[in-house]
Each structure stands twice: as structure tokens, then as C-alpha cells.
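Please find below a short note prepared for the discussion of this structure.

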Amino acid sequence: TDWDKVLVNIGNHFDLASSIFVAPRKGIYSFSFHVVKVYNRQTIQVSLMQNGYPVISAFAGDQDVTREAASNGVLLLMEREDKVHLKLERGNLMGGWKYSTFSGFLVFPL
């Protein structure tokens, strides 16, 4: 999933060009996302990926509504240099940072 704006990125551990967060140190991290689908009769599936493997997913169904949202969140144990990103498995997202968001932060260093 590509992002068009970064609101907070202290330490620059999120790379906007690749849409990947790289853990600066070992610890427990919190991640959450909220995505909005576009078009009627379409399903979206978004997965949060850690080092290329899906950890959690969220769906928005194909009911006859213009906009429907999907959200999820998780605490992850991450090693230094672990990578996290969102993967759009199917469907299309509503454009712009005001509609679809992705957040992550260090909760507890180890």
C-alpha cells in the first residue's frame, strides 16, 4: 500500500518511498491501520506484514455501499531491523491520507 503523506516520523524509521517501517531496536511495537475502500460491489483485504509474512488482516465487504472501512491493530515483538508494511491483498483504497491511515510506535524497548 502506498502512502501520500507522513504526519509524524520521528527518527525516520518509516520510508515513504517503499511504505516500509524498519524497527530501530528490539521491543514491543503497536501498529494499527484504518482503510477505506472505493467503488460499489468491491471487497478489500489488507494485511499487516512482518518480514514478508501476514500477521493480521481486515476486510471490508462487497455490499452496495460507496464507502466502507476496515481496521485492525496488534502488538508485535520485533527485533532490530524487522520490517512492517501493509499489503493490499485485493480491491482498491480511497486515495489520500485523510481516508486511510497506518500508525506504529515503540511501546516497550527490550
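The points below concern a predicted model and take up its sheet, its nonpolar core and its aromatic pairs.

1. Three strands form an open sheet in the order 6-3-8, and their pairing is antiparallel. Strand 6 (69–78) and strand 8 (101–109) are the edge strands; each has a single partner strand, so one side of each lacks a neighbour in the sheet. From one strand to the next, the twist averages 15 degrees.

2. Pairing of strands 3 and 8. Strand 3 (residues 27–36) runs antiparallel to strand 8, and eight bridges join the two. One of the residues involved is Gly 27, whose bridge partner in strand 8 is Pro 109.

3. Nonpolar core. The largest nonpolar core comprises 22 residues. Within this core, the residues with the most contacts are Phe 31, Phe 33, Leu 48, Met 78 and Phe 102. Two or more residues each are contributed by strand 3, strand 4 (44–50), strand 5 (53–60), strand 6 and strand 7 (83–90). In soluble globular proteins, nonpolar side chains tend to be buried together.

4. Surroundings of Phe 33. Leaving aside residues up to four places away in sequence, Phe 33 touches Val 46, Leu 48, Ile 56, Ser 57, Ala 58, Ala 70, Ser 71, Asn 72, Leu 86, Thr 101 and Phe 102. Two of these contacts, Leu 48 and Phe 102, are themselves listed with Phe 33 among the core residues with the most contacts.

5. Aromatic pairs. The count of aromatic pairs is five. One of them, formed by Phe 21 and Phe 31, is edge-to-face, with 5.6 Å centre to centre and 70 degrees between the planes. This pair links distant parts of the chain, since Phe 21 lies in strand 2 (residues 20–22) and Phe 31 in strand 3, ten residues apart. Tyr 29 and Phe 31 form a stacked pair, at 6.3 Å centre to centre and 20 degrees between the planes.

6. The cut-off applied is under 20% relative accessible area. Ring pairs join Phe 21, Tyr 29 and Phe 31 with Phe 14 and Phe 102 in a cluster.

Conventions:
Residues are numbered from 1 along each chain as its sequence is written. This is a predicted model: local features need pLDDT of at least 70, side-chain atom pairs count only at pLDDT 80 or more; totals for chains, interfaces and linings use all residues. Side-chain values use heavy atoms; hydrogens and water are left out. Two strands pair if DSSP finds at least two bridges between them. Helices (H or I, at least four residues) and strands (E, at least two) are DSSP runs, numbered from the N terminus. Axes are lines fitted to C-alpha atoms, for helices over the stretch in contact, and angles run from 0 to 180 degrees between N-to-C directions. A nonpolar core is a set of buried Ala, Val, Leu, Ile, Met, Phe, Trp, Tyr and Cys residues joined through side-chain atoms within 4.5 Å. Buried means under 20% relative accessible area, exposed over 50%, partly exposed in between (1.4 Å probe, protein chains only). Contact means heavy atoms within 4.5 Å. Rings of Phe, Tyr and Trp (its six-membered ring) pair if their centres lie within 6.5 Å; planes under 30 degrees apart count as stacked, over 60 as edge-to-face and the rest as tilted.
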